[in-house]
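Subject: Structure for you, with notes

Hi,

Here is the structure I promised. Please open it first, then read the notes below it.

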Amino acid sequence: MYINFWYPVCLSDEINEGSKKATILGMDFVAFRDHEGVAHCLSNVCVHRGGSLANGICHEDGTIACPYHGWRYNGQGKCTKIPSLGPDAKIPNRAKVDSYPVIERYNIVFAFLGDLPEDERPSLYEIEEYEAEGWRANQTTIIDIDYNYERSIENGLDPAHNEFVHPTHGFSGARNDYKVNPTKITKVDRGADFEQLFDAAPPLDEETYGETARKSDGELTVWGGYRGPNTLITQIHTKKDSNWFHQYFFEQPINEFKTKIFFVNMRNWLMEENLDEMIMGRNMEVVNQDIEVLDNLRPVLTPPTLTKEIFVPADLIIGEYRSSLEDFTKKGYKIDVKKMKETQHQTAYAIPSPARKKEKSWVLDPVPLVKSK
Ligand code: FES
Ligand SMILES: [Fe+2]
């Protein structure tokens, strides 16, 4: 798991009535809106006696109050009130929690969990067609999975599994001439894009898709890629027509073994609102086919070296993803999970926020990181 990337915290709607707690990268955060409706994300641990801010109340002065002794924190993480000191008391400089940069988009509250200054941060992935004319988005959907997010991203990049895992996306190994075409890869900042040609698009069944169901004689191109460790892009285009599906997974690693996927599903056909449910239902069928396989992978986490697996040319983009993760480790972004776990009952950690580069006096220790080589 890596700091210094954008992570989905919760849906925008989930903080309209109060705060929302999220566990990300093994640590707790709270998202809430201030009195002007601006979303914030703070480290959830109150620096007085360790209360959970998310269990407290959002006040009209734009702060969230700890449920234990009522200390109030504003969106910047500064403590503005310590009730036990009485009114007009001076607040010590150390009374602050980490506050993370937030962007709300696609009905998701994203936080940049890390301490990079603004000019060094990656940008949040931009879905260009979102809210564009001629495109429709399904309501952003959360999928809970019981496995590591890297396994999930690798599955989404994997061009060779469709044929065998998804009966509607391939021919289940029945075609004698089946093979995976070469993958074209383009590196981008902290990620990569790929282009993958599938020789024959399997038919969409007419019962569901009506007369617009496409036939199996066309080629299908998938553009996709990843950004950082946790964002997956899949754009499915048929050659014959311009009926496209674009899918985006913004993944929230709760810890090494549990993940929440924030799924944004776009299309430029079948535009009627009443088709949303059917289309999401179809997508969830496909997602569940992946889950069934991924739930049973061993080892549970990706092996540490390439020697404990076999890579073939169809795995090229997965190899690229692994090498990006190595780059992030070299940059010093990787959380030392072993060390964190050994000490987690005595120590509450925080992901260092950008303010730590400018200010001193923080109560919580920064999360241990794997030393960069
Ligand atoms: S623990 Fe939060 S106010 Fe005391
Ligand atoms: Fe799949």
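A residue counts as buried if 20 or more other C-beta atoms lie within 10 Å of its own, exposed if 12 or fewer, and partly exposed in between, with C-beta atoms placed from the backbone. Helices (H or I, at least four residues) and strands (E, at least two) are DSSP runs, numbered from the N terminus.

Two points on conventions. This is a predicted model, so local features need pLDDT of at least 70 and side-chain atom pairs count only at pLDDT 80 or more, while totals for chains, interfaces and linings use all residues. Residues are numbered from 1 along each chain as its sequence is written, and chains are lettered from A and ligands numbered from 1 in the order in which they are written.

**Strand S19**

Start with strand S19, residues 259-267. It is mostly covered: 8 of its 9 residues are buried. Which strands pair with S19? Pairing takes at least two bridges found by DSSP between two strands. S18 (residues 245-253) runs antiparallel to S19, joined by 9 bridges. Gln247 has Asn265 of S19 as its bridge partner. S18 and S19 make a hairpin, with 5 residues between them. S13 (residues 141-145) is also antiparallel to S19, through 5 bridges. There, Ile142 is partnered with Phe262 of S19. S12 (residues 136-137) is antiparallel to S19 too, with 2 bridges. Its Ala137 has Met266 of S19 as bridge partner.

**Domains**

The protein is assigned domain 1 (5-120) and domain 2 (136-326). These bounds come from an automatic or database domain assignment. The C-alpha centres of the two domains are 34 Å apart. Across the boundary, 11 residues of domain 1 are in contact with 11 residues of domain 2. Contact means that C-beta atoms, placed from the backbone, lie within 7 Å.

On the domain 1 side, strands S1 (5-11) and S2 (20-24) each supply at least two residues. S1 gives the most, with 4 residues. By class, that side has 8 nonpolar, 3 polar and no charged residues. Here Ala, Val, Leu, Ile, Met, Phe, Trp, Tyr, Cys and Pro count as nonpolar, Asp, Glu, Lys and Arg as charged, and the others, Gly among them, as polar.

**Core**

A nonpolar core is a set of buried Ala, Val, Leu, Ile, Met, Phe, Trp, Tyr and Cys residues joined through C-beta atoms within 7 Å. The largest one has 69 residues. Val9, Phe29, Ala31, Val109, Ala111 and Leu113 have the most contacts inside it. Domain 1 and domain 2 each give at least three residues to this core.

**Helices**

Helix H5 covers residues 316-330. Leu316, Ile317, Ile318, Glu320 and Tyr321 are buried in H5. The buried residues of H5 pack against helix H1 (149-157) and strands S14 (184-188), S15 (191-198) and S16 (220-227). Gly332 follows H5, with a positive phi near 90°.

Val293 lies in helix H4, residues 276-294. Is Val293 buried or partly exposed? Val293 is partly exposed, because 13 other C-beta atoms lie within 10 Å. Val293 and Asn155 are 138 residues apart in sequence, and their C-alpha atoms are 9.8 Å apart in space.

Best wishes

Terms used. Contact = placed C-beta atoms within 7 Å. Expected span 1.5 Å × (residues − 1).
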